[in-house]
Amino acid sequence: MLSLEIVSPEGHLFKGNVTSVTVPGINGEFQMLNNHANIVSILAKGSIKIAVADYKTADLGSRFVKSDKDQKFLLAIESGTLELKDNRIIILVD
């Protein structure tokens with residue numbers, strides 16, 4: 001399982017375990033799963049998509065939109081940076 005932390009200038013937006021994260025990289029969208037290779041990336045304007053183990057009961061707060069189509073939570077961002085190391089993802093967003 002992946003540990004994800006999303007931080008904005010206003011504070012923590014999310015901290016917890018997820019099954020996958022899809023982000024808008026500057027060269028296109030990409031997804032990270034458990035045991036993904038270490039990576040550092042700049043993020044472009046778009047949506048971070050988070051898949052959690054129990055989609056039906058999860059509540060991620062007012063900035064997230066629940067997408068029943070693919071059972072993921074979406075967070076719109078303007079830009080950001082991401083670091084993934086040892087199954088721990090930290091995303092700083094604007």
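**Notes on the strands and their residues**

1. Strand E3 is joined to strand E6 (residues 46-51) by three bridges, and these two strands run antiparallel. Within this pairing, threonine 22 has lysine 49 of E6 as its bridge partner. Strands here, labelled E and at least two residues long, and helices, H or I and at least four residues long, are DSSP runs numbered from the N terminus, and two strands are said to pair if DSSP finds at least two bridges between them.

2. As to the basis of these remarks, this is a predicted model, in which local features need pLDDT of at least 70 and side-chain atom pairs count only at pLDDT 80 or more, while totals for chains, interfaces and linings use all residues. Residues are numbered from 1 along each chain as its sequence is written, and side-chain values use heavy atoms, with hydrogens and water left out.

3. The chain has 10 strands and zero helices, so that its pattern, read along the sequence, is β-β-β-β-β-β-β-β-β-β. For 94 residues a compact globule would have a radius of gyration near 12 Å, and the 12 Å of the chain agrees with this; the radius is taken over C-alpha atoms, and the globule rule is 2.2 Å times the number of residues to the power 0.38. The C-alpha trace spans about 30 × 25 × 25 Å along its principal axes.

4. Of the 94 residues, 39% count as buried, where buried means under 20% relative accessible area, exposed over 50% and partly exposed in between, with a 1.4 Å probe and protein chains only. Among contacts (heavy atoms within 4.5 Å) between residues at least 6 apart in sequence, 53% join residues at least 24 apart.

5. Returning to E3 (residues 20-25), this strand also runs antiparallel to strand E4 (residues 28-32), to which five bridges join it. A hairpin through two residues connects E3 to E4, and proline 24 stands opposite glutamate 29 in E4. E3 is mostly covered, six of its six residues being buried: Ser20, Thr22 and Pro24 point one way from the strand, Val21, Val23 and Gly25 point the other way, and all are buried. In a regular strand the side chains alternate between the two faces of the sheet.

6. Isoleucine 42, which is found in strand E5, touches Pro24, Gly25, Ile26 and Gly80 when residues up to four places away in sequence are not counted.

7. Which strands pair with E10, and in what sense? Strand E1 (residues 2-8) pairs with E10 in the parallel sense over five bridges, and valine 7 stands opposite leucine 92 in E10. Strand E9 (residues 80-85) pairs with E10 in the antiparallel sense over six bridges, with lysine 85 opposite arginine 88.

8. E10 has a covered face, made of Ile89, Ile91 and Val93, and an uncovered one, made of Arg88, Ile90 and Leu92. Leucine 92, whose place is in this strand (residues 88-93), counts as partly exposed because its relative accessibility is 44%. Leaving out residues up to four places away in sequence, leucine 92 touches Val7, Ser79, Gly80 and Thr81. Leucine 92 and isoleucine 77, which are 15 residues apart in sequence, are 10.0 Å apart in space, C-alpha to C-alpha.

9. The backbone at a few positions deserves a look in the viewer. Most residues other than glycine have a negative phi, and most peptide bonds are trans. In the hairpin of E9 and E10, which has two residues between the strands, aspartate 86 takes a positive phi near 55°. Asparagine 87, in the loop between E9 and E10, has a positive phi of about 65° although it is not a glycine. Asparagine 35, in the loop between E4 and strand E5 (39-43), likewise has a positive phi of about 65° without being a glycine.

10. Are these two asparagines buried or exposed? Asparagine 87 is buried, with a relative accessible area of 18%, whereas asparagine 35 counts as exposed because its relative accessibility is 62%.
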